[in-house]
Amino acid sequence: MQVHGTTVALNGKGVLILGPSGSGKSTLALQLMAVGAQLVADDRTDLVKDGGDIVAHCPETILGQIEARGLGILAAVPGQPARLAAIVDLGRESVDRMPRSQFHDILGVALPLVLGPYRPHLYAALRQLLIGGMITQGKSA
């Protein structure tokens, strides 16, 4: 399955960034890359179910490329395919300061969902989510 989205990974854990054109998908990916994440795929991501996980891959034609609005296409060291740990949807808005846990189903697997819009601290929060997980109902997820 191919989706219109950008994927980055940190320590083998991936985050798929969804949203309409111009919503900040590549900007968020570039910020995460600046703090240690690796680019898996920009703009289009191939997803494959592997047991109870979803693995993100890059289509061969765009491997190692990311768009920087106002600059053009930049080269990046391509990251390995990654098991998704979370999904971000920059096109859907959460107005709650402490939103309840939400999930997005892909290929029959429910993944934690973070709603947009893009915010300046989002990259740092996502980095921490990939490193430490999310606390839900007193447990680390």
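Start at the loop between β4 (38-41) and β5 (45-50), and select Asp 43 there. The coordinates come from a predicted model. Asp 43 has a phi near 80°, a positive value in a residue other than glycine. Most residues other than glycine have a negative phi. Now show the surface: Asp 43 is partly exposed, with a relative accessible area of 34%.

Next, select Thr 6. Thr 6 sits in strand β2 (residues 5-10). Is Thr 6 buried or exposed? Its relative accessibility is 0%, and the cut-off for buried is under 20%, so Thr 6 counts as buried. Draw the side chains of Thr 6 and Asp 42: a polar contact of 2.7 Å joins them.

Keep Thr 6 selected and show what surrounds it. Leaving out residues up to four places away in sequence, Thr 6 touches Val 15, Leu 16 and Ile 17, among others. Its contacts also include Lys 25, Ser 26 and Ala 29. Leu 39, Ala 41, Asp 42, Asp 43 and Thr 45 are on the list too.

Move to the helices. Select α1 (residues 25-34) and α2 (residues 122-132). Two packed helices are described by the angle between their axes and the distance between the axes. Here the angle is about 60°, and the axes are 9 Å apart. The two helices are therefore oblique to each other. α1 passes α2 in a right-handed crossing.

Which residues of α1 meet α2? Pick Leu 28, Gln 31 and Leu 32 on the α1 side. On the α2 side, pick Leu 122, Tyr 123, Leu 126 and Arg 127. Colour this contact by class: five residues are nonpolar, one is polar and one is charged.

Step back from α2 into the loop between β11 (109-116) and α2, where Pro 117 lies. Which peptide bond is cis? Select Gly 116 and Pro 117: the bond from Gly 116 to Pro 117 is cis, with omega near 5°. Most peptide bonds are trans.

Last stop: Leu 107, in the loop between β10 (103-106) and β11. Check the backbone: phi of Leu 107 is near 50°, another residue other than glycine with a positive value. Leu 107 is partly exposed, at a relative accessible area of 35%.

Conventions: Residues numbered from 1 in each chain as written. Predicted model: local features only at pLDDT ≥ 70, side-chain atom pairs only at ≥ 80, totals over all residues. Heavy atoms only, no water. Axes fitted to C-alpha atoms, helices over the stretch in contact; angles between N-to-C directions. Helix = DSSP H or I, 4+ residues; strand = E, 2+ residues; numbered from the N terminus. Parallel < 35°, antiparallel > 145°, perpendicular 65-115°, else oblique. Left-handed = near helix turned anticlockwise from the far one by under 90°. Contact = heavy atoms within 4.5 Å. Nonpolar A, V, L, I, M, F, W, Y, C, P; charged D, E, K, R; others polar. Buried < 20%, exposed > 50% of the residue type's maximum accessible area, 1.4 Å probe, protein only. Polar contact = N/O pair within 3.5 Å; in protein donor to acceptor, adjacent residues only side chain to side chain.
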